[in-house]
Protein chains: 2
Amino acid sequence: MIRFATIGTNWITEAFLDAARLVDSFELAAVYSRTEETAKQFADKVGAPRTFTDLQKLAESDGIDAVYIASPNALHAEQAIWLMNHGKHVLCEKPLASNAKEVKAMIEAANRNGVVLMEAMKATLLPTFRSIREHLPKLGRIRRYVANYCQYSSRYDAYKQGTVLNAFNPALSNGALMDLGVYCLYPMVVLFGQPRSVKAQSVKLESGVDGEGSIVLDYGDMDAVVFYSKITNSHLPSEIQGEDGNMIIDAIHTPAKAEIRYRDGRVEDITAPQDKPPMYYEAQEFIRLIENGEHESAINSHRHSLWTMEIMDEARKQTGIVFPADER
Amino acid sequence: MIRFATIGTNWITEAFLDAARLVDSFELAAVYSRTEETAKQFADKVGAPRTFTDLQKLAESDGIDAVYIASPNALHAEQAIWLMNHGKHVLCEKPLASNAKEVKAMIEAANRNGVVLMEAMKATLLPTFRSIREHLPKLGRIRRYVANYCQYSSRYDAYKQGTVLNAFNPALSNGALMDLGVYCLYPMVVLFGQPRSVKAQSVKLESGVDGEGSIVLDYGDMDAVVFYSKITNSHLPSEIQGEDGNMIIDAIHTPAKAEIRYRDGRVEDITAPQDKPPMYYEAQEFIRLIENGEHESAINSHRHSLWTMEIMDEARKQTGIVFPADER
């Protein structure tokens with residue numbers, strides 16, 4: 001059994017636990033929260049046998065093999081490095097950190113300590129994403145990747161009324177690019193690698209984070225177009241354009257349906273069966289790595305996390321989005 | 001009656017004539033082609049009473065009030081200016097010229113001679129486009145314009161086999177941006193004006209033109225995303241994203257169906273009835289201007305043509321697409 005602790009007590013941790021429990025060798029050993037009250041409440045809710053309110057004690061505990069981190073983005077790097085330095089494997093929510101400098105430090109810590117570090121990017125481990133990768137050659141020469149994730153945030157209603165909740169707080173390294181843009185960029189680097197250049201535009205809100213943004217990326221013989229928003233929705237699917245046909249993907253952040261529309265009019269459904277909740281597959285991959293003594297996922301790899309973050313750093317640089325974490 | 005001559009003898013001129021003849025005061029007086037044979041053949045085909053093979057004679061003819069120009073892009077400016085200097089009104093196919101320098105010279109010639117100059121951009125004069133403009137305030141604060149026109153060109157098959165046809169010839173100021181990108185940009189400037197900045201990416205083919213490209217544009221509190229291609233198709237509609245809802249437009253180059261999807265789930269069809277072929281509306285607008293003694297369309301205005309071309313100049317500059325016309 002792989003004995004897990006969790007950091008973070010909101011809905012995403014609950015969703016992770018619901019999914020991870022479907023993996024045979026998953027065991028929830030403890031939950032962490034800064035306050036005893038929240039930790040106890042959450043432990044009762046999710047059935048955890050133990051609570052921690054001190055990260056050092058969690059790190060030093062013999063009863064924990066791995067930690068799932070779903071704290072605010074700005075805390076990921078420090079918490080993950082601390083835990084890895086104590087030999088814990090770390091599955092860390094997206095985006096992996098605040099910036100590439102932090103991601104590099106996390107990768108170094110993982111390598112130095114011989115533990116697994118993986119970004120909890122659910123999309124790229126889903127069966128339909130694997131199918132997308134496998135069927136890509138059928139498109140002929142690929143000329144464009146178009147991906148979007150635009151989802152009006154209920155927190156934006158509060159924002160407009162003068163209350164800046166976490167989602168729009170630069171101190172937590174949040175905003176549209178970090179929270180939603182990452183879902184467009186990560187699959188892109190998994191499929192097409194590192195772009196030659198990045199050209200970004202965004203709408204910066206008064207709080208200092210971006211409300212939405214748009215990026216074009218150069219891949220030499222193809223372009224990528226990525227746009228994301230927390231202040232509007234979109235009704236457009238994502239699309240990979242090849243000379244012989246296009247792949248249409250319902251939602252790049254959780255691909256559940258994909259098809260190829262060939263130039264000659266044929267349509268091929270390449271959706272792969274998925275009988276588990278989306279986060280099951282990342283839990284399964286992470287546990288498989290630990291059990292096999294591997295240190296890194298081939299798909300959600302260190303370099304894919306780093307390349308994604310380097311693109312986000314560059315996009316923020318071009319659009320003037322600065323986090324306190326950048327100045328540490 | 002407004003007595004028209006046409007320049008250019010391919011399908012687009014025929015489509016224009018089919019549409020323009022539905023306007024009461026339209027009269028086809030002559031056709032022009034460089035060779036007598038083509039001119040005669042085309043005159044027979046379309047029922048023109050007269051032919052010209054000498055542009056000077058056409059310009060000097062008392063029997064012609066207006067000229068529809070559908071020659072290669074690289075010839076638009078020279079032909080239009082020559083004709084306007086002889087008092088002819090000019091309806092000129094998109095893009096209006098090879099670059100902004102030429103567009104400026106054309107606008108000067110129109111103003112100097114007191115004649116109508118209008119870009120034959122059909123999209124922005126269609127009933128459904130007028131409906132799009134009118135309903136825009138319903139979207140709330142607008143945050144993004146996403147438009148694409150990607151159409152695999154049959155000439156690309158020839159190109160790949162080694163034959164560079166007109167569509168891929170830089171000497172004619174052609175390529176994806178000029179031929180298709182313009183259809184995404186022109187409606188954008190009509191709706192949102194001049195952008196603050198342009199960031200462009202493209203795939204340049206060996207012939208020297210772009211096969212496809214992607215542009216993001218900064219409008220301060222909104223972004224625009226535009227992509228176009230002659231080497232792939234797209235299955236994505238265009239979309240204008242507002243905080244309260246989105247407008248979905250079937251095809252930005254010839255909008256025939258548009259609807260608003262409000263954030264609360266309501267859907268409003270804003271398609272306007274259109275009982276004439278798309279080019280009818282540009283012919284009607286152009287003739288109306290002449291008859292009313294106006295010199296410029298309020299929608300397909302000189303400045304909209306100039307702004308569009310300035311964006312295209314900048315996009316070409318950033319992506320290394322140079323035409324011989326730029327060096328004249």
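This is a predicted model: local features need pLDDT of at least 70, side-chain atom pairs count only at pLDDT 80 or more; totals for chains, interfaces and linings use all residues.
**Notebook: two chains and where they meet**

I then looked up where the two residues sit. B:Lys160 is in helix 7 of chain B, while A:Glu243 is in the loop between strand 11 (238-242) and strand 12 (245-249) of chain A, so this pair joins two chains.

**Entry: other charged pairs**

Next I asked how many salt bridges there are between chain B and chain A. The count is four. One that I looked up is A:Glu212 with B:Arg144, whose closest N and O atoms are 2.7 Å apart. For the whole structure, over all chains, the search gives 38 salt bridges. As a reminder, side chains of opposite charge can pair when their charged atoms come close.

**Entry: the interface as a whole**

I wanted the extent of the contact. On chain B, 45 residues are in contact with 45 residues of chain A. The area buried between the two chains is about 3600 Å², and carbon and sulfur atoms give 51% of that. I also checked polar contacts across the interface, and the rule finds 28 residue pairs, both residues being at pLDDT 80 or more.

Which elements give two or more residues to the side of chain B that touches chain A? I wrote down strand 7 (142-150), helix 7 (154-160), strand 8 (197-204), strand 9 (210-218), strand 10 (223-229), strand 11 (238-242) and strand 12 (245-249) of chain B. Strand 9 of chain B gives the largest share of that side, seven residues. By class, I have 17 nonpolar, 15 polar and 13 charged residues on the side of chain B that touches chain A.

**Entry: how the copies are related**

Chain B goes onto chain A by a rotation of 180 degrees with 0.0 Å of shift along the axis, and the RMSD is 0.0 Å. That is the relation of a two-fold axis. Do the copies meet through the same surface or different ones? The same one, because 100% of the interface residues of chain B are also interface residues in chain A.

**Entry: annotated spans of chain A**

For residues 138-246 the unreviewed entry lists "domain: GFO/IDH/MocA-like oxidoreductase". I get 22% helix and 37% strand for residues 138-246, and 9 Å between the end C-alpha atoms.

In chain A, the peptide bond joining A:Lys94 and A:Pro95 is cis, with omega about -15 degrees. I find A:Pro95 in the loop between strand 5 (89-93) and helix 5 (100-113) of chain A. In chain B, the bond from B:Lys94 to B:Pro95 is cis, with omega near -15 degrees. B:Pro95 is in the loop between strand 5 (89-93) and helix 5 (100-113) of chain B.

I also noted A:Ser173, where phi is near 60 degrees, a positive value in a residue other than glycine. A:Ser173 is in the loop between helix 7 (154-160) and helix 8 (176-192) of chain A.

Note on methods: Residues are numbered from 1 along each chain as its sequence is written. Chains are lettered from A and ligands numbered from 1 in the order in which they are written. Side-chain values use heavy atoms; hydrogens and water are left out. Contact means heavy atoms within 4.5 Å. Buried area is the accessible area (1.4 Å probe) that two parts lose on being put together, summed over both. A salt bridge is a side-chain nitrogen of Lys or Arg within 4 Å of a carboxyl oxygen of Asp or Glu. A polar contact is a pair of N or O atoms within 3.5 Å; within protein, one must be able to donate a hydrogen and the other to accept it, and residues adjacent in sequence count only if both atoms are side-chain atoms. Helices (H or I, at least four residues) and strands (E, at least two) are DSSP runs, numbered from the N terminus. Ala, Val, Leu, Ile, Met, Phe, Trp, Tyr, Cys and Pro count as nonpolar, Asp, Glu, Lys and Arg as charged, and the others, Gly among them, as polar. UniProt positions are given in the numbering used here, feature names are shortened, and annotations may be inferred rather than shown by experiment. Copies are superposed by least squares on the C-alpha atoms of residues with pLDDT of at least 70 in both.
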